[in-house]
Amino acid sequence: MADHLESSDGPTLELSLQRTRHTTGMSDRQGGSLLLMEAGVFVLQRWVQNSNTALSLCSALMERAFFSASADVLQRGILLPSFELPGYSSNQIFLSPSCYRALTPAIMCPPCFDSQVRQATNQIVMNCADIDIITASYVPEGDEEIHATGFNYQNEDEKVTLSFPSTLQPGTGTLKIDFVGELNDKMKGFYRSKYTTPSGEVRYAAVTQFEATDARRAFPCWDEPAIKATFDISLVVPKDRVALSNMNVIDRKPYPDDENVVEVKFARTPVMSTYLVAFVVGEYDFVETRSKDGVCVRVYTPVGKAEQGKFALEVAAKTLPFYKDYFNVPYPLPKIDLIAIADFAAGAMENWGLVTYRETALLIDSKNSCSSSRQWVALVVGHELAHQWFGNLVTMEWWTHLWLNEGFASWIEYLCVDHCFPEYDIWTQFVSADYTRAQELDALDNSHPIEVSVGHPSEVDEIFDAISYSKGASVIRMLHDYIGDTDFKKGMNMYLTKFQQKNAATEDLWECLEGASGKPIAAVMNTWTKQMGFPLIYVEAEQVENDRLLKLSQRKFCASGPYVGEDCPQWMVPITISTSEDPNHAKLKILMDKPEMNVVLKNVKPDQWVKLNLGTVGFYRTQYSSAMLESLLPGIRDLSLPPVDRLGLQNDLFSLARAGIISTVEVLKVMEAFVNEPNYTVWSDLSCNLGILSTLLSHTDFYEEIQEFVKDVFSPIGERLGWDPKPGEGHLDALLRGLVLGKLGKAGHKATLEEARRRFKDHVEGKQILSADLRSPVYLTVLKHGDGTTLDIMIKLHKQADMQEEKNRIERVLGATLSPELIQKVLTFALSEEVRPQDTVSVIGGVAGGSKHGRKAAWKFIKDNWEELYNRYQGGFLISRLIKLSVEGFAVDKMAGEVKAFFESHPAPSAERTIQQCCENILLNAAWLKRDAESIHQYLLQRKASPPTV
Ligand code: BES
Ligand code: ZN
């Protein structure tokens, strides 16, 4: 099939003009069957069918496209059979909103493709989903129009084949398509987002979300990341609506025959992938500034809420010059808009020049937003703006390399926030938010390598997970540390310059970083991206005169215990070693490139501790000999170990216990050593692990005892902090107070519960409004220990809330309620009109995580309402999140079987791997419980009888 194609050095390549595609090495990588087409002209022209509708339309014109696809995907028949595609370079597309069946204030326009037929053909294959083509024709330049006579939809593959009665000869021409699409309610493709006006009227905005494979729902196109084109977009919209797209407006004129409608024309985009095209039509206010480097930045908010855009505006205006300097490549567009969308499935989407966000990822109210929301907005803005370079300017070759986009952006968002808000100590938070999360998932047998072969859209959806994001970010952090910032930046600049407006694969990045650093980057990194999992480094030490001799060995770390089997995978592990003499600096750095290694540390006194993995940067876990561990523990208590090292040590021990390598009681003892801990993130990680343990022990009859333990661990810090901020406190104190009071309140700490009730009452009565940072912990505490009246009050507060942040805050804690009837009420509420479709997941997840009964009730609810839930998310990543949150807490073997059986009869293709991971986790929980429950119980009882002296 591939031989039908001309190879990349075919004559038409010259027509790719200045945009020489990145083709080097690709065909080699793909075993010689790479398909490449470019240049030529097709125009798809859509004429407006019904211009007297009150709605609007938009038009998009794509120009200069390039095409490539990988052979393995083609063989599976999932992708465009490009051998049938004549190739195209410039496309014009018109969609008409009058064609969109659903109600909409805005209508879209049809696409026009200018392309060149490179090889005689009488068929054209394009991506197309939920679109009816009315007519299609091809007009060869200077010749007569040829009307397509057949449209053969391959719905499963989301493609259409246009058949022509005569052969389209090589040359340029215009492909015109007249079609009807659906403005859907699925939060993907071109969809409706519902909002309520300040006067209470329900209205809709028309919004796009194309990543990964949904541009094809808005217009027929060649919808693959390596098929880049320019787009000239016009929108015909009601004249009182805001119309936005990737580029700035270049013309706005009355629309013939309808005085209520205007045609808005946008400047031509740079060469870009279809998944980054965007348009929005609706009612919005905005705030605006110009960044230091001259880019016009706007934040669009719901009407009347422009003030809430100011925080994100400031962050964005600081971030653009930061990235410009870091990459040494300017932002290429004249403007960037950041817009808050009411109904939005992901957190945010990096459409080039028009970044879309959930309201809670963009809007900050000076009084009603809490510190963690501010931090989240800063991270999300930092993440999406990084994609403007890394992803938009240079795009992954195929979704296999999605991690390049997401892993990199998930790393650099921290660098950017650290630059804008050094007081957030954000890199420590990286470790508890991304690094440990990635290790937890990657220790499963059902994990996957960072680079994973994908074809069908459901497989693509599936990899937007913690491996691509958090493991991706973690290995980039490790690499950055290994290379050093100067060479890393140099390599990044080479990569972005060399591949700008083109596509790249993982090895292209390695090549640039290798060039910049002179280090064996590809050899090291292939061990991290091409194989799943990560190593456990076992270390023991021996004092030899003035030196310390360390013996290191590596073996794959598995959540179920030590790796058994012959050919254990190996990694090239950059390892750092520090000692108590200078806990913040590495005494030695080595690259462990063998299964075992001996290392001599010169001049280490016998009483000094030695620790691996300074800063918890290396993506591995460490198991120390008991003597080494024993010597490290005082460093926790006296805080001489740096915070991120204390965190890492505790987290390693916890996961070793879960894997059965050490006993859980040992970890409980270590947790008690955190009595003097001042650091928010260290507490946050500890709290998270204790939460996992509490959930596990909710399967036993000594759940109350672990709550006592939690109270004991958290009360000293709770007392030190108190309820009200002290002068001079900052961001991290606010986060810590919320965390600790929430933990104590949830565990039923009497004084905390009483104070929470008192403050809640004052809040509800309007006597003293709770500060935003205290709301979550107070709501959680009163609900968990409250009754039906408390739940009713919370639901009333939810109804009255003007900010989505407050609604979400309430939605997330509703599941803490304990009585079966109230739990049922919360579940019903989750699917009601009161909860936005994307937020249903966190309400149900909250119920599952809230209590033992909640867990069972949530699972039953999902089974009973499966059809509705599945249809709501249409296989997107939200269904995976829902399943994970709802079933992962079970700890009985038979539940793994039940979950598996349910999904065998109710398939959710994009969640398949998540379901396997959940079943694996259930079995791991069950094994853990069987193994350690009794000894934990004994320890807790004995502790109660003779409490440890602090
Ligand atoms: N490119 C993604 C958006 C996306 C996610 C599209 C999933 C399709 C499927 C975007 O850059 C992103 O990563 N968003 C994150 C937020 C980010 C701060 C981690 C998200 O939506 O969760
Ligand atoms: Zn991203």
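This is a predicted model: local features need pLDDT of at least 70, side-chain atom pairs count only at pLDDT 80 or more; totals for chains, interfaces and linings use all residues.
Glu406 is buried, with a relative accessible area of 1% (buried means under 20% relative accessible area, exposed over 50%, partly exposed in between, with a 1.4 Å probe and protein chains only).

Because His383 belongs to helix 4 and Glu406 to helix 5 (residues 402–420), the pair ties together parts that are 23 residues apart in sequence. Helices (H or I, at least four residues) and strands (E, at least two) are DSSP runs, numbered from the N terminus. His383 is also buried, at a relative accessible area of 7%.

## Glu384 and the annotated active site

An unreviewed UniProt entry places the feature "active site" at Glu384; UniProt positions are given in the numbering used here, feature names are shortened, and annotations may be inferred rather than shown by experiment. Glu384 is part of helix 4, which spans residues 371–387. With 5% relative accessibility, Glu384 counts as buried. Apart from neighbours within four places in sequence, the contacts of Glu384 (heavy atoms within 4.5 Å) are Ala348, Met349, Glu350, Val355 and Tyr357.

## Basis of the model

Residues are numbered from 1 along each chain as its sequence is written, while chains are lettered from A and ligands numbered from 1 in the order in which they are written. Local features need pLDDT of at least 70, side-chain atom pairs count only at pLDDT 80 or more, and totals for chains, interfaces and linings use all residues, whereas side-chain values use heavy atoms, with hydrogens and water left out.

## Overall architecture

The protein has 28 helices and 33 strands. Of its 950 residues, 64% are buried. Among contacts with a separation of 6 or more, 73% are between residues 24 or more positions apart. The accessible surface comes to about 34200 Å², and carbon and sulfur atoms account for 51% of that area. Accessible areas come from the Shrake-Rupley method with a 1.4 Å probe; for residues, only the protein chains shown count as cover.

Ser470 lies in helix 8 (residues 467–483) and is buried at 0% relative accessibility. Beyond its neighbours within four places in sequence, Ser470 is in contact with Asp434, Arg437, Ala438 and Asp465. Helix 8 is also among the elements covering the buried residues of helix 11, which include helix 5, helix 10 (506–517), strand 26 (535–544), strand 29 (573–579) and strand 30 (588–592). In helix 11 (residues 521–529), the residues Ile521, Val524, Met525, Thr527, Trp528 and Thr529 are buried.

Ser776, in helix 19 (residues 772–784), is partly exposed at 30% relative accessibility. The C-alpha atoms of Ser776 and Cys370 are 9.3 Å apart, although 406 residues separate the two in sequence.

## Aromatic and charge–ring pairs

Rings of Phe, Tyr and Trp (its six-membered ring) pair if their centres lie within 6.5 Å; planes under 30 degrees apart count as stacked, over 60 as edge-to-face and the rest as tilted. By this rule there are 39 aromatic pairs. One of them joins Phe210 and Phe219 edge-to-face, at 6.1 Å centre to centre and with 85° between the planes. Phe210 and Phe219 are both buried.

A charge sits over a ring if NZ of Lys or CZ of Arg is within 6 Å of the ring centre and within 35 degrees of the ring normal. Arg192 lies over the face of Tyr204, 3.9 Å from the ring centre, and the charged end of Lys519 sits over the ring of Tyr482 at 4.8 Å from its centre.

## Backbone features in loops

The peptide bond from Glu211 to Ala212 is cis, with omega near 5°. Ala212 is located in the loop between strand 13 (202–209) and strand 14 (230–238).

Met187, although not a glycine, has a positive phi of about 60°. Met187 lies in the loop between strand 11 (171–181) and strand 12 (189–196) and is buried, at 5% relative accessibility. Glu545, likewise not a glycine, has a positive phi of about 55°. Glu545 is placed in the loop between strand 26 and strand 27 (547–558) and is exposed, with a relative accessible area of 73%.
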